[in-house]
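Biologist: I'd like to learn how to read a model like this one. Can you take me through it feature by feature?

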Amino acid sequence: MTAPATVTGLLGEIADVGRDAKRGGYSRHGFSPVESTLRDWFAEQAARRGLDVSTDRNGNQWAWWGRPGPDAVLTGSHLDSVPGGGAFDGPLGVASALAAVDRLRAGGFSPRRPLALVVFTEEEGGRFGVPCLGSRLMSGSLDADAARRLTDRDGVTLASAVAAAGLDPAHLGEDAEALAGVGCFVELHVEQGRLLDRLPGTPPVAVASSILAHGRWRFTVTGTGNHAGTTEVADRRDPMLPAAAAVLAARRALGGRAEARATVGRLEPTPGGTNVIASSVDFWLDARAPLGSDTRAVVEEITEAARAAAVEEGCALAVRQESFGDTVLFDAGLRDRLAAELGGVPVLPTGAGHDAGILAARVPTAMLFVRNPTGISHAPAEHAEPADCETGAQALATVLESLAGSPS
Ligand SMILES: [Zn+2]
């Protein structure tokens with residue numbers, strides 16, 4: 001038998017796929033040629049390990065060690081990225097799953113429960129705007145008709161992108177059969193903050209406790225397109241002003257709400273000319289807080305500020321929720337079992353959304369985090385130390401061995 005693959009070695013194999021020369025880092029979006037290359041890589045890695053690979057009706061990839069379900073132990077993550085993302089968010093969980101299989105095989109392990117690796121599609125929502133698209137569709141938390149109508153920045157619908165990727169868009173939607181086979185899910189992920197790094201001894205691995213309630217809202221401010229040089233102030237209906245008011249309100253809304261987050265990271269004026277007063281501005285608000293009600297309160301406060309500024313400027317404002325996920329509390333029994341089996345590793349919350357957060361509503365779910373020394377994520381500088389990555393893969397192997405080696 002060959003030696004188990006290293007996580008760093010596996011990540012190195014896809015290091016050149018989907019690099020973004022303009023933004024830095026990677027732009028790997030769902031149902032794109034880049035994602036297709038990554039899917040082929042995963043399928044080849046799985047086949048090399050004798051795992052049976054299939055793609056479900058929503059485009060998620062599965063690789064089975066033994067017979068598929070029921071009561072399977074599922075692990076994996078995603079291979080897509082945000083625009084200009086890092087190398088670890090997503091791929092670390094997939095590479096660690098492959099490396100964990102190698103480690104288990106090298107130890108002579110043979111699962112008593114079915115064991116599967118999964119790669120969820122379009123987790124970041126980087127192309128179609130809805131995060132955790134593959135897991136939301138599978139679990140039925142996203143309406144299939146609404147999903148088919150989603151469009152990317154070029155106006156391509158999800159339905160046509162899915163068809164171009166060789167899948168039937170008519171089959172998108174809740175996959176009760178796939179879900180029924182899953183006994184539990186464990187997702188390993190790079191930490192997207194610095195909680196581990198700030199703990200005494202900077203432990204390399206943690207178990208997740210919870211995810212903030214979070215959502216995305218699209219704001220459209222409509223004014224009057226006009227000449228930047230000749231239009232007097234009294235005649236201006238500039239949609240950029242309400243947009244700016246919303247950006248400032250997003251920061252103000254966090255005052256006194258230590259654990260809330262509100263971010264405008266994407267703003268698109270139309271037509272987008274230097275010497276043109278925009279006719280409209282679209283921008284997207286990402287808001288998060290420990291409770292869903294707090295998240296909605298933050299959004300309401302920002303919306304009110306934008307609305308008041310729009311009235312003052314003579315503009316129209318439309319706000320549409322693109323996604324919302326309430327607070328996730330991971331399965332307490334699984335959380336405590338994993339933390340104990342890993343020698344009492346820390347148990348930490350996170351503000352980042354994950355497919356595990358979607359599956360948690362349907363099956364017992366847990367997450368492992370690998371230390372991120374700078375806390376930077378969703379950016380090219382995202383990093384995890386090679387030694388920590390191997391420790392993470394071993395931790396995953398340990399919990400998979402325990403879960404799949406004993407009856408549920
Ligand atoms: Zn991720």
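Modeller: Let's begin with aspartate 71, which sits in the loop between β2 and β3. The element names come from DSSP runs numbered from the N terminus: helices are H or I runs of at least four residues, and strands are E runs of at least two. Before we go on, this is a predicted model, so local features need pLDDT of at least 70 and side-chain atom pairs count only at pLDDT 80 or more, while totals for chains, interfaces and linings use all residues. Residues are numbered from 1 along each chain as its sequence is written, and side-chain values use heavy atoms, with hydrogens and water left out.

Biologist: What is phi of aspartate 71 near? And how does aspartate 71 count by relative accessibility?

Modeller: Phi is near 60 degrees, a positive value in a residue other than glycine. For accessibility, buried means under 20% relative accessible area, exposed means over 50%, and partly exposed is in between, with a 1.4 Å probe and protein chains only. Aspartate 71 has 28%, so it counts as partly exposed. Glutamate 122 also has a positive phi, about 50 degrees, although it is not a glycine. Its place is the loop between β4 and α4, and glutamate 122 is buried, at 0%.

Biologist: Where is the cis peptide bond?

Modeller: The bond from threonine 270 to proline 271 is cis, with omega near 5 degrees. Proline 271 lies in the loop between β9 (261–270) and β10 (276–277).

Biologist: On to the metal. Which residues coordinate the zinc ion?

Modeller: Donors are N, O and S atoms within 2.8 Å of the metal (3.2 Å for Na, K and Ca), and water is not among the atoms, so sites may look incomplete. Here His78 (NE2), Asp89 (OD) and His189 (NE2) coordinate the zinc ion at 1.9 to 2.1 Å. Along the sequence these donors follow the spacing H-x10-D-x99-H. Histidine 78 belongs to strand β3 (residues 72–78), and aspartate 89, 11 residues away, to the loop between β3 and α3 (91–106). Histidine 78 and aspartate 89 are buried.

Biologist: How do I read strand pairing? Start with β4, please.

Modeller: Two strands pair if DSSP finds at least two bridges between them. Strand β2 (residues 61–65) pairs with β4 in the antiparallel sense over 5 bridges, and tryptophan 64 stands opposite alanine 116. β3 and β4 pair in the parallel sense over 6 bridges, with valine 73 and leucine 115 as bridge partners. Both faces of β4 are covered: Leu115, Leu117 and Val119 are buried on one side, and Ala116, Val118 and Phe120 on the other.

Biologist: And how many residues of strand β15 are buried?

Modeller: In β15 (residues 365–370), 6 of the 6 are buried, so the strand is largely enclosed by the rest of the structure. Strand β5 (residues 182–190) pairs with β15 in the parallel sense over 6 bridges, and valine 190 stands opposite valine 370. Strand β6 (residues 205–211) runs antiparallel to β15, joined by 3 bridges. There, valine 205 has valine 370 as its bridge partner.

Biologist: What makes a nonpolar core?

Modeller: The general idea is that nonpolar side chains tend to be buried together in soluble globular proteins. A core is a set of buried Ala, Val, Leu, Ile, Met, Phe, Trp, Tyr and Cys residues joined through side-chain atoms within 4.5 Å. The largest one has 52 residues, and Phe42, Leu92, Leu117, Leu338, Leu368 and Leu396 touch the most other members. A second, separate core of 24 residues includes Trp64, Val118, Leu359 and Val363.

Biologist: Which residues line the largest cavity?

Modeller: On a 1 Å grid over the protein atoms alone, a cavity is a set of points where a 1.4 Å probe fits but cannot get out; lining residues have an atom within 4 Å of a point. Points are joined across faces, edges and corners, and the volume is the space filled by probe spheres set on them. The largest cavity has a volume of about 40 Å³. Its lining is Glu35, Arg39, Gly59, Gln61, Leu79, Asp80, Val119, Phe120 and Thr121. The elements giving two or more residues to that lining are α2 (33–48) and β4 (115–120).

Notes. On a 1 Å grid over the protein atoms alone, a cavity is a set of points where a 1.4 Å probe fits but cannot get out, and a pocket is an open set with protein on both sides within 12 Å along at least five of seven lines; lining residues have an atom within 4 Å of a point.
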